[in-house]
Number of protein chains: 4
Amino acid sequence: MKPVKRIAVLTGGGDCPGLNAVIRAVVKTSIRRYNVEVVGILNGFHGLVNDVMIPLNEEAVAGIVHRGGTILGTTNRDNPFRYAVEQNGQLTFEDRSEQCIENLRKHAIDALVVIGGDGSLNIAHQFHEKGIPVVGVPKTIDNDLSATDYTFGFDSAVTTATEAIDKLHTTAESHHRIMILEVMGRYAGWIALYSGVAGGADVILVPEIPYEIEKVCNHIRARNERGRKFSIVVVAEGAKEKGGQMVVQQRVEQSHDPIRLGGIGQDVARKLEMCTQMETRVTVLGHVQRGGSPTSFDRILSTRYGSSAVDAVMAGYYGHMVALRTPRIEPVPLTEAIGTLNNVDPEGQMVQAAKSVGISFGD
Amino acid sequence: MKPVKRIAVLTGGGDCPGLNAVIRAVVKTSIRRYNVEVVGILNGFHGLVNDVMIPLNEEAVAGIVHRGGTILGTTNRDNPFRYAVEQNGQLTFEDRSEQCIENLRKHAIDALVVIGGDGSLNIAHQFHEKGIPVVGVPKTIDNDLSATDYTFGFDSAVTTATEAIDKLHTTAESHHRIMILEVMGRYAGWIALYSGVAGGADVILVPEIPYEIEKVCNHIRARNERGRKFSIVVVAEGAKEKGGQMVVQQRVEQSHDPIRLGGIGQDVARKLEMCTQMETRVTVLGHVQRGGSPTSFDRILSTRYGSSAVDAVMAGYYGHMVALRTPRIEPVPLTEAIGTLNNVDPEGQMVQAAKSVGISFGD
Amino acid sequence: MKPVKRIAVLTGGGDCPGLNAVIRAVVKTSIRRYNVEVVGILNGFHGLVNDVMIPLNEEAVAGIVHRGGTILGTTNRDNPFRYAVEQNGQLTFEDRSEQCIENLRKHAIDALVVIGGDGSLNIAHQFHEKGIPVVGVPKTIDNDLSATDYTFGFDSAVTTATEAIDKLHTTAESHHRIMILEVMGRYAGWIALYSGVAGGADVILVPEIPYEIEKVCNHIRARNERGRKFSIVVVAEGAKEKGGQMVVQQRVEQSHDPIRLGGIGQDVARKLEMCTQMETRVTVLGHVQRGGSPTSFDRILSTRYGSSAVDAVMAGYYGHMVALRTPRIEPVPLTEAIGTLNNVDPEGQMVQAAKSVGISFGD
Amino acid sequence: MKPVKRIAVLTGGGDCPGLNAVIRAVVKTSIRRYNVEVVGILNGFHGLVNDVMIPLNEEAVAGIVHRGGTILGTTNRDNPFRYAVEQNGQLTFEDRSEQCIENLRKHAIDALVVIGGDGSLNIAHQFHEKGIPVVGVPKTIDNDLSATDYTFGFDSAVTTATEAIDKLHTTAESHHRIMILEVMGRYAGWIALYSGVAGGADVILVPEIPYEIEKVCNHIRARNERGRKFSIVVVAEGAKEKGGQMVVQQRVEQSHDPIRLGGIGQDVARKLEMCTQMETRVTVLGHVQRGGSPTSFDRILSTRYGSSAVDAVMAGYYGHMVALRTPRIEPVPLTEAIGTLNNVDPEGQMVQAAKSVGISFGD
């Protein structure tokens with residue numbers, strides 16, 4: 001194996017708090033610990049296909065550990081193996097991976113660090129299979145990646161959602177209302193589960209546990225009878241009724257309309273208002289969950305991930321992702337991380353603890 | 001005028017941060033400064049009609065200065081002069097004001113402090129005209145009350161909205177997107193204006209300045225051409241297109257559907273996405289703006305209002321409201337406060353400053 | 001008067017939240033509204049003496065509205081009219097104002113915007129008297145400048161101190177302790193007064209109201225007897241005992257030792273622990289009060305100040321400072337602002353309201 | 001083993017964020033899951049010796065998940081096995097454990113949940129050895145307890161310290177200063193290490209890694225030469241110079257003077273100011289680190305701990321403590337937790353990552 005002299009780093013998929021802290025740690029560790037140069041690829045795989053790269057020195061990453069977003073930019077689209085090209089008004093998909101490999105060679109890049117979620121790490125894995133030395137860093141605010149205790153960004157998203165629940169509590173209490181908070185989580189309900197427990201919610205609806213609206217109603221009615229005249233309901237955007245369909249799925253099928261908000265939140269609200277006869281209000285947090293300064297937890301995790309990713313590169317752990325196996329960061333094969341989602345276990349300790357403190361999942 | 005021995009206090013209308021700080025100051029000032037007893041009326045005017053009152057001593061209000069909500073509860077409904085009564089499945093409205101006056105007499109209450117917005121202060125004024133010694137405290141997160149520099153709760157709502165814009169900024173920047181934030185403000189655009197300026201928004205749409213979507217598009221396109229590939233748009237729920245109708249008004253007419261979210265936010269989003277061809281996302285803050293711990297500004301204002309309200313009672317300023325005339329709190333006749341809305345002045349300094357720093361109002 | 005084509009801006013004195021928002025507004029307003037160029041002078045008057053300036057365009061100020069500190073740097077020293085020069089190990093003071101004027105001429109600067117507190121605005125005034133077209137912007141976290149309702153930075157400092165009090169409350173309550181918080185305020189007690197009221201403190205000690213430790217003890221003992229087994233004491237660094245000397249003054253005389261912390265805080269703590277026999281703990285907030293993202297209130301005020309400062313320049317209001325006369329920003333002569341401190345009025349409404357809610361000032 | 005019908009719970013030692021969330025989870029889980037009654041013991045072991053107990057039902061713990069402090073009160077003193085008694089002005093120590101056991105019997109308490117740190121868990125262990133069915137919950141903001149991945153309260157303390165560093169950053173940058181933050185950590189440097197990494201500090205001094213002031217100076221000077229004209233230094237209160245003595249130890253020996261602040265912080269400040277010739281400022285966070293609303297991380301951990309503690313009681317895991325073995329909560333013998341401190345490993349991954357991103361430990 002030839003010695004590593006230059007590393008490239010990119011951020012892929014939806015942005016999340018901590019990306020800059022990872023980038024900073026990659027750059028600082030490369031330069032300080034290993035005397036290795038770093039190149040930043042702009043706008044995720046788009047920049048890799050189109051050869052948009054910038055050198056990253058220590059000055060470029062100074063003072064960014066606490067900043068949200070990513071100084072490299074990112075995009076949800078642009079899979080190099082299935083790259084969308086418009087021709088004569090028609091969209092076709094092409095494999096541009098060779099072009100990427102050529103770009104890496106042109107810049108004499110010896111290894112690639114991909115910071116991303118399931119989608120980006122999948123692409124990273126494909127590049128690895130084509131011989132590119134790749135190391136992944138697990139990122140998703142949804143915490144739905146397998147093989148790691150936590151992804152970075154998740155704690156920040158939970159914190160944002162929890163703060164919203166705290167605020168809804170005071171107004172719910174004052175008005176004897178049902179307050180619904182729709183949070184992110186299309187396939188995994190971690191944000192709803194964690195923020196719901198942290199915020200002292202009364203009902204949590206997650207994709208992994210289909211709910212019956214009647215049971216939710218009964219829970220709220222029972223609270224009323226005990227004199228608790230308000231309820232907080234946290235709904236993951238991917239929650240679904242038992243026997244029913246995921247509202248968000250319908251949405252996806254209906255021509256990808258990300259602007260249409262509060263599908264599930266509104267749906268639950270209407271039904272609860274009808275059966276409980278209580279005033280009900282909905283908040284849809286949306287991308288606020290992706291933004292802002294990362295929590296200290298996420299900054300530390302991000303810094304460790306970034307630093308360990310470079311260690312993994314230098315130790316030749318290609319095709320691996322750095323993963324948190326508390327208290328250690330360890331390299332695990334990308335194949336362990338991708339493919340299977342890390343879902344909320346309906347029988348797991350966390351859901352059981354939530355039920356013990358009186359939270360209903362509508363099941 | 002007979003000496004005041006016992007004061008009653010109630011909170012009316014939508015809840016907002018600072019209510020507890022006012023109640024606490026009313027109680028402490030009454031007891032400590034004037035040796036006057038205080039009674040709390042529960043759930044706004046509902047409790048006055050139905051005679052639900054509790055004594056309030058210092059212990060009852062200890063440690064609540066920083067808590068959101070109201071320990072007395074509140075409601076948007078239940079106007080004693082037009083009290084909704086259901087009879088044989090039919091809703092009729094009755095004047096229950098005499099019953100209220102009787103309840104006040106029964107409890108030997110010498111003066112009433114009403115903490116509320118336009119609606120509640122109107123009712124307070126009506127009671128004053130019927131001879132009840134009333135003093136008002138101006139409350140509304142919308143800051144749309146005349147005769148006072150600021151209402152309490154407004155600074156907290158602006159702070160919550162500004163934090164959301166800060167978070168949207170990082171994700172907008174990373175993704176080259178348009179981010180839309182719909183905030184409260186049905187008739188007055190203060191929250192949108194203040195949070196938009198504080199958050200460094202690019203576009204602010206308020207009810208007082210009808211917008212042309214084409215001008216908003218042009219502004220965003222011009223930003224793109226200067227290399228600023230993202231834009232933040234803050235929309236008051238009552239914003240309306242020039243020549244068009246307020247989306248929220250339609251909503252109100254269409255059978256009061258408060259659950260249906262993001263009317264105007266989604267509308268603007270669709271149109272901007274179409275004309276700019278940029279990805280657009282919407283967040284609807286909703287009642288999160290009403291909740292949470294009040295800012296230090298609001299806690300101070302609330303404490304001063306509560307204390308001054310009792311001073312006003314003791315000095316016989318009945319039919320008055322305490323108002324901030326910076327740096328002083330002064331009693332002003334309720335008639336000055338109610339009836340005319342405090343609206344954003346399209347030619348005022350604040351809007352001009354916003355335009356000077358490059359913000360478009362779509363006009 | 002010749003037309004203004006180029007403005008210079010500098011930040012002087014201690015840094016405070018909102019400086020960047022002012023700079024941004026100066027730059028944007030100059031360029032967008034008046035088509036005027038802006039030059040930034042680095043490190044306060046040091047840069048003016050030594051000719052360290054940079055051009056400021058819109059890109060230079062993009063995305064800084066929410067950032068603490070100042071992109072231009074600042075310093076507490078380097079008065080051009082009394083400039084410290086070291087020669088042969090000896091410190092002498094020289095008048096370098098002509099050199100400054102020469103530097104302004106060299107760069108064809110038509111007007112100077114000085115963002116600063118009493119010291120910097122004094123220097124600004126002296127330059128004005130020498131014929132330099134100067135406009136001031138009032139900045140101090142202490143809020144001790146006359147002629148304006150508020151200086152920017154103050155609300156942020158109060159917010160930071162209030163958050164600290166909120167945190168001390170929970171631990172004080174749990175342990176039955178006296179918690180002392182020493183905050184900034186050498187000559188004016190505004191931060192202590194505002195944060196003390198907002199945080200629900202039990203005792204506030206400010207320079208303007210000399211205290212008797214015995215009265216503070218009695219207040220805390222009386223609380224204990226009522227069952228409130230803890231107390232929060234907020235002390236301005238310049239607070240002084242009746243008949244005694246300001247501890248901070250002694251400190252200043254004793255060779256300027258800013259590292260020596262908690263002079264007054266510790267002094268009060270020892271005495272209270274002795275007379276109440278309660279465990280007592282001290283926190284010294286220090287420069288944390290100067291840092292961090294400005295509150296929305298300060299961002300709005302800063303933006304308005306920056307924008308209005310340019311308006312004042314273009315309208316020829318030289319020798320003036322922009323001032324908040326709620327709700328307007330207006331130019332006032334610098335002479336009104338400097339010289340007399342804006343002190344807490346012991347008989348004013350704010351102190352009276354604080355006393356009404358049970359706060360002792362030890363007087 | 002006789003069936004458990006009634007559990008008692010107490011909080012011991014210094015308070016920390018999350019105590020109320022544990023108490024709430026203990027109460028709710030006991031009542032809802034196991035139909036078991038709960039009794040709260042006031043003010044730690046003091047209440048156990050003196051028989052001060054209150055019944056805890058669901059209403060008593062409603063709405064406290066987000067509140068700092070402990071509704072039960074706590075104290076650092078009052079070890080029942082060595083209980084301080086004043087007699088004729090003389091302090092003697094007596095074993096009052098039998099009295100405690102008698103009190104438990106009198107109230108028909110079948111099991112005791114002790115929420116505390118090393119000291120309290122030691123006492124818990126002693127009671128267990130005397131036959132009392134005890135389960136522990138690991139609490140310390142210092143995170144210095146063995147046998148668990150994290151104690152609750154630690155993440156909140158780190159968050160508070162990180163926020164302070166963020167604020168110091170902006171003022172340090174603007175003024176070209178050294179900013180010193182003294183944080184808690186008498187024997188273990190976790191808060192300093194975590195907050196230093198999260199806040200992007202330049203130097204971290206912890207008890208486990210004795211520092212040489214000359215190396216710290218060199219590090220700061222090297223930064224200056226690279227154009228980074230400011231530095232942030234985080235110092236654990238128990239940090240010590242190589243070859244020297246812990247400043248805090250001297251303090252402890254010198255008659256327990258907890259009021260005397262900033263021992264180590266000031267010491268480091270003076271030396272750095274001397275050798276770097278840079279202005280240096282100190283902040284001493286003090287008990288602010290113990291207060292405030294717990295982070296979402298701590299609320300979740302606390303809720304899980306509280307719920308699991310009751311599970312452990314019901315399953316008969318006496319003499320055990322619930323511990324986080326990510327992602328599970330498991331009972332571990334108290335003997336594993338007490339006695340050995342969980343210290344920062346100078347060769348561990350975390351310190352290495354910190355060094356990789358350029359942080360100096362002065363070693």
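Buried means under 20% relative accessible area, exposed means over 50%, and partly exposed lies in between, with a 1.4 Å probe and protein chains only. This is a predicted model, in which local features need pLDDT of at least 70 and side-chain atom pairs count only at pLDDT 80 or more, while totals for chains, interfaces and linings use all residues. Residues are numbered from 1 along each chain as its sequence is written, chains are lettered from A and ligands numbered from 1 in the order in which they are written, and side-chain values use heavy atoms, with hydrogens and water left out.

**Stop 1: Asp142(A)**

Select Asp142(A), where UniProt, in an unreviewed entry, places the feature "active site"; such annotations may be inferred rather than shown by experiment. Asp142(A) sits in the loop between strand 7 (134–138) and helix 5 (154–175) of chain A. Helices (H or I, at least four residues) and strands (E, at least two) are DSSP runs, numbered from the N terminus. Asp142(A) has 17% relative accessibility and therefore counts as buried.

Now show what Asp142(A) is in contact with, leaving aside its neighbours within four places in sequence: Phe154(A), Met184(A), Gly185(A), Trp190(A) and Ile191(A). Contact means heavy atoms within 4.5 Å.

**Stop 2: the sheet of chain D**

Move to chain D and colour its open sheet of seven strands, which has the order 3-2-1-6-7-12-13 and mixed pairing. Two strands pair if DSSP finds at least two bridges between them. At the edges are strand 3 (53–55) and strand 13 (328–333) of chain D, each pairing on one side only. Neighbouring strands of this sheet are turned by 30° against each other on average, direction ignored.

Next, select residues 6–11 and 37–41 of chain D, which are strand 1 and strand 2; they pair in the parallel sense over four bridges. Ala8(D) stands opposite Val39(D) of strand 2.

Axes here are lines fitted to C-alpha atoms, for helices over the stretch in contact, and angles run from 0 to 180 degrees between N-to-C directions.

**Stop 3: chains B and C**

Display chains B and C together. A rotation of 180° with 0.0 Å of shift along its axis superposes chain B on chain C, with an RMSD of 0.0 Å. Copies are superposed by least squares on the C-alpha atoms of residues with pLDDT of at least 70 in both. The two copies are thus related as by a two-fold rotation axis. To find the axis, select Thr326(B): its C-alpha is the nearest to the axis in chain B, at 3.1 Å.
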